[in-house]
Amino acid sequence: MKITQDGFDILRQAFGKLNQSQVDGINFLISVLDTHRELGIAQSAYILATAWHETARTMQPVIEYGSEKYLKSKQYYPYIGYGYVQLTWLANYKRMGDYLKIDLVKNPKLALQADVAARVMIVGMKKGLFTGKKLNDYIRHDKKDFIGARYIVNGTDKAGLIASYAEIFEQALQVSEVMAV
């Protein structure tokens with residue numbers, strides 16, 4: 001799976017100019033998603049839409065918003081939000097680290113590395129490791145509930161907006177798949 005020039009044209013039409021870092025981030029995530037062959041286009045589109053939203057459109061792993069002083073005041077510091085979906089809290093770092101066989105408790109900043117952040121996001125969304133809700137609960141070959149899928153990561157926060165992003169990414173992936181044949 002990849003996004004072709006026609007697919008990127010769809011993204012640019014919807015989102016405006018994309019900088020090289022955004023393009024690189026999208027291509028990187030697509031390459032990681034490609035190793036998860038069981039994911040369909042709609043599921044992959046929703047994962048990309050989640051990354052688009054959660055990273056403030058950078059498509060790069062980010063640190064939870066706030067000054068260093070503010071972040072240090074958080075009850076869950078140093079397990080503040082890192083990554084494509086900002087993993088937080090010690091219990092979540094432990095669960096995800098155990099699942100991925102990475103010591104995220106000793107070094108939570110590993111979740112800022114693109115390869116680790118991508119695995120955290122994709123596995124967390126597939127397996128329901130964030131909220132107990134998983135991709136297959138909302139999106140599969142016979143069902144597509146992009147709005148409800150927000151429960152996988154963060155309740156209903158911005159569910160409609162992220163669903164609209166998912167529709168755009170889905171179009172880009174579909175056009176790219178057709179062009180690749």
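Q: Is F146 buried or exposed?
A: Burial is read from relative accessible area: under 20% is buried, over 50% exposed, and partly exposed lies in between (1.4 Å probe, protein chains only). F146 has a relative accessible area of 4%, so F146 is buried. Y46, at 1% relative accessibility, counts as buried too. Over the chain of 181 residues, 50% count as buried.

Q: What should I know about the model itself?
A: The model is predicted: local features need pLDDT of at least 70, side-chain atom pairs count only at pLDDT 80 or more, and totals for chains, interfaces and linings use all residues. Residues are numbered from 1 along each chain as its sequence is written, and side-chain values use heavy atoms, with hydrogens and water left out.

Q: How many helices and strands are in the chain?
A: Both are DSSP runs numbered from the N terminus: helices are H or I with at least four residues, strands are E with at least two. This chain has 8 helices and 4 strands. Their order along the sequence is α-α-α-β-α-β-α-α-α-β-β-α.

Q: How many aromatic pairs are there?
A: Rings of Phe, Tyr and Trp (its six-membered ring) pair if their centres lie within 6.5 Å; planes under 30 degrees apart are stacked, over 60 edge-to-face, the rest tilted. The count here is 8 aromatic pairs. One of them, F15 with Y165, is edge-to-face, at 5.7 Å centre to centre and 75° between the planes. F15 sits in helix 1 (residues 5-15) and Y165 in helix 8 (residues 159-180), 150 residues apart. Both F15 and Y165 are buried.

Q: Why is the pair of Y46 and F146 stacked?
A: The planes of Y46 and F146 are at 25° and the ring centres 5.8 Å apart, so the pair is stacked. Y46 belongs to helix 3 (residues 41-54) and F146 to the loop between strand 4 (143-144) and helix 8, so the pair ties together parts 100 residues apart in sequence.

Q: Which residues do ring pairs link into a cluster?
A: Ring pairs join F15, W52, Y165 and F169 into a cluster.

Q: What caps the N-terminal end of helix 2?
A: A polar contact is a pair of N or O atoms within 3.5 Å; within protein, one must be able to donate a hydrogen and the other to accept it, and residues adjacent in sequence count only if both atoms are side-chain atoms. N19 is the cap: a side-chain oxygen lies 3.0 Å from the backbone nitrogen of S21. Elsewhere, K126 in helix 6 (residues 114-127) has a side-chain polar contact of 2.3 Å with E38.
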